[in-house]
Amino acid sequence: MINTAQILITGGSGLLGGELKKNLPEALFPTHEEFNVENPDRMDSYIAGRDIKLILHAAAFTSPPRINENPENALKANIIGTANVTGLCMRRNIRLVYISTDYVFSGDKGSYAENDPVLPVNKYAWSKLGGECAVQMHDDSMIIRTSFGENQFPYEKAFIDQWTSRQSVTEVAKKITSLLQHTDYRGVIHVGGPRRTVYEYALSVAQGKKIGELSVKDVSFTVPVDTSFDISRFLELTNRD
């Protein structure tokens with residue numbers, strides 16, 4: 001059992017980080033300036049003198065269109081930055097939990113299990129998979145692949161031909177929080193809800209807002225068609241609680 005005051009979480013200013021603060025108010029949420037994952041010396045300075053037992057690494061550059069325009073930013077933040085965090089955890093014997101994405105899959109079949117082959121279809125997903133590769137080098141680590149969105153769907157339209165296990169950030173944050181005490185678990189685990197279209201997901205969090213229909217063929221960037229999860233491993237693990 002890890003004391004929540006011994007947990008450090010990156011990405012505290014992000015959507016997921018904001019929800020995790022509600023669930024883990026005693027955890028450390030350093031700012032980007034205090035704990036810059038692209039600056040190992042800065043991270044070492046912040047850690048010094050603190051009894052950190054677990055780092056949940058949620059900070060990432062996450063916009064596929066912007067990453068296509070400037071992939072070097074994703075290289076620095078998502079791959080090199082994650083490697084830096086992994087190295088820190090290795091040196092200081094800290095457990096590492098890494099937040100990854102359903103987009104590491106090609107999207108050609110759906111209902112993906114943790115050991116299914118990965119094949120990203122865009123540069124954002126490649127950068128997150130690069131982070132996974134670094135984390136796999138640390139024996140005491142867990143990779144959480146997930147998909148989440150705002151508690152109210154923020155867009156006017158949603159894909160009717162893309163399938164997902166996406167849930168609201170509140171639901172996903174609660175599930176991630178429940179996993180942090182499973183310190184004996186190593187490897188990858190999928191966190192999400194039932195398989196449904198993004199449009200169906202959007203309606204579930206519309207909160208009365210009218211949502212229009214959109215096709216993946218209508219956007220300029222590549223998105224995988226079906227990245228839904230097999231979540232049986234998560235259910236088996238958490239049903240023991």
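The buried residues of α1 pack against β1, β2, β3, β5 (148-149) and α6 (169-179). Before going on, the ground rules. This is a predicted model, where local features need pLDDT of at least 70, side-chain atom pairs count only at pLDDT 80 or more, and totals for chains, interfaces and linings use all residues. Residues are numbered from 1 along each chain as its sequence is written, and side-chain values use heavy atoms, with hydrogens and water left out.

Helices (H or I, at least four residues) and strands (E, at least two) are DSSP runs, numbered from the N terminus. Buried means under 20% relative accessible area, exposed over 50%, partly exposed in between, with a 1.4 Å probe and protein chains only. Contact means heavy atoms within 4.5 Å.

Which residues of α1 (15-23) are buried? They are Leu16, Gly17, Glu19 and Leu20. They cover an arc of only 165 degrees around the axis, which puts them on the same side of α1; the arc is that of the directions from the helix axis to the C-beta atoms.

Now the sheet. It is open, with 5 strands in the order β1-β2-β3-β4-β9 and parallel pairing; two strands pair if DSSP finds at least two bridges between them. β1 (7-10) and β9 (187-191) are the edge strands, each pairing on one side only. Between β3 (95-101) and β4 (141-146) there are 6 bridges, and isoleucine 99 of the sheet stands opposite isoleucine 144 in β4.

Helix α5 (123-135) lies across β3 and β4, at about 160 degrees to β3. Axes are lines fitted to C-alpha atoms, for helices over the stretch in contact, and angles run from 0 to 180 degrees between N-to-C directions. Of the 13 residues in α5, 10 are buried, and what covers them includes α3 (64-69), α4, β3 and β4.

Last, serine 165, in the loop between β7 (163-164) and β8 (167-168). Is serine 165 buried or exposed? It is buried, at a relative accessible area of 1%. A polar atom of its side chain lies 2.8 Å from the backbone nitrogen of phenylalanine 229. Leaving aside neighbours within four places in sequence, serine 165 is in contact with residues including Ser147, Gly192, Arg195 and Phe229.

Key:
Polar contact = N/O pair within 3.5 Å; in protein donor to acceptor, adjacent residues only side chain to side chain.
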